[in-house]
Amino acid sequence: ITVKSSNRDHVTAAGEEGDNPPKEERWKTTLKTTMVEVEAAEFRGHKVSLWDLLHSRYIPEENRKELLELYEAGELTLEQVKTVVTTIVTKAAAAAAAAAAERAEPTAPVSGPRAELVATEAEPTPLHGD
């Protein structure tokens, strides 16, 4: 083993790495280049990469790690990952939309400056009864 040549080999290896991605990186490339359509939330009407969906706010970190590990290990096919991810995103986005709609209280349609004045002068309603 020669220590002197290891420095030169390191530079060569680094140069080659950029040209030929290591095998373990191919699964990432596949996820980044596989585009899907999800009719949910901000993704509606756009094609999005599986990678972006996996890293969206709709996929919890635990699920993302598990899916990536299973796919990388070959235990899940690309189609299975696609199905699981799109299902999770669709359901999570629908749940988020339902929760947002539930939080928004419907008000009677009133227009003009008088509506703002009435709203600011009104007494606050208690959130919780005693």
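R57 is an exposed residue, with a relative accessible area of 66%; here buried means under 20% relative accessible area, exposed means over 50%, and partly exposed lies in between (1.4 Å probe, protein chains only). Keep in mind that this is a predicted model, in which local features need pLDDT of at least 70 and side-chain atom pairs count only at pLDDT 80 or more, while totals for chains, interfaces and linings use all residues. Residues are numbered from 1 along each chain as its sequence is written, and side-chain values use heavy atoms, with hydrogens and water left out.

What does R57 pair with? Its partner in a salt bridge is E42, and the closest N and O atoms are 3.4 Å apart. This pair links distant parts of the chain, 15 residues apart: E42 sits in the loop between β1 (35-37) and β2 (47-49), and R57 in the loop between α3 (50-54) and α4 (61-72). Helices (H or I, at least four residues) and strands (E, at least two) are DSSP runs, numbered from the N terminus. E42 has a relative accessible area of 42%, so this residue counts as partly exposed.

The structure holds 4 salt bridges, each a side-chain nitrogen of Lys or Arg within 4 Å of a carboxyl oxygen of Asp or Glu. Another of them joins the side chains of E39 and R44, at 3.7 Å from N to O. E39 is partly exposed at 46% relative accessibility, and R44 is partly exposed at 49%.

Now move along to helix α5 (residues 78-103), where K82 and E79 lie 3 residues apart, about one turn of the helix. Their side chains meet in a salt bridge of 3.1 Å, N to O. K82 is partly exposed at 21% relative accessibility, and E79 is partly exposed at 47%.
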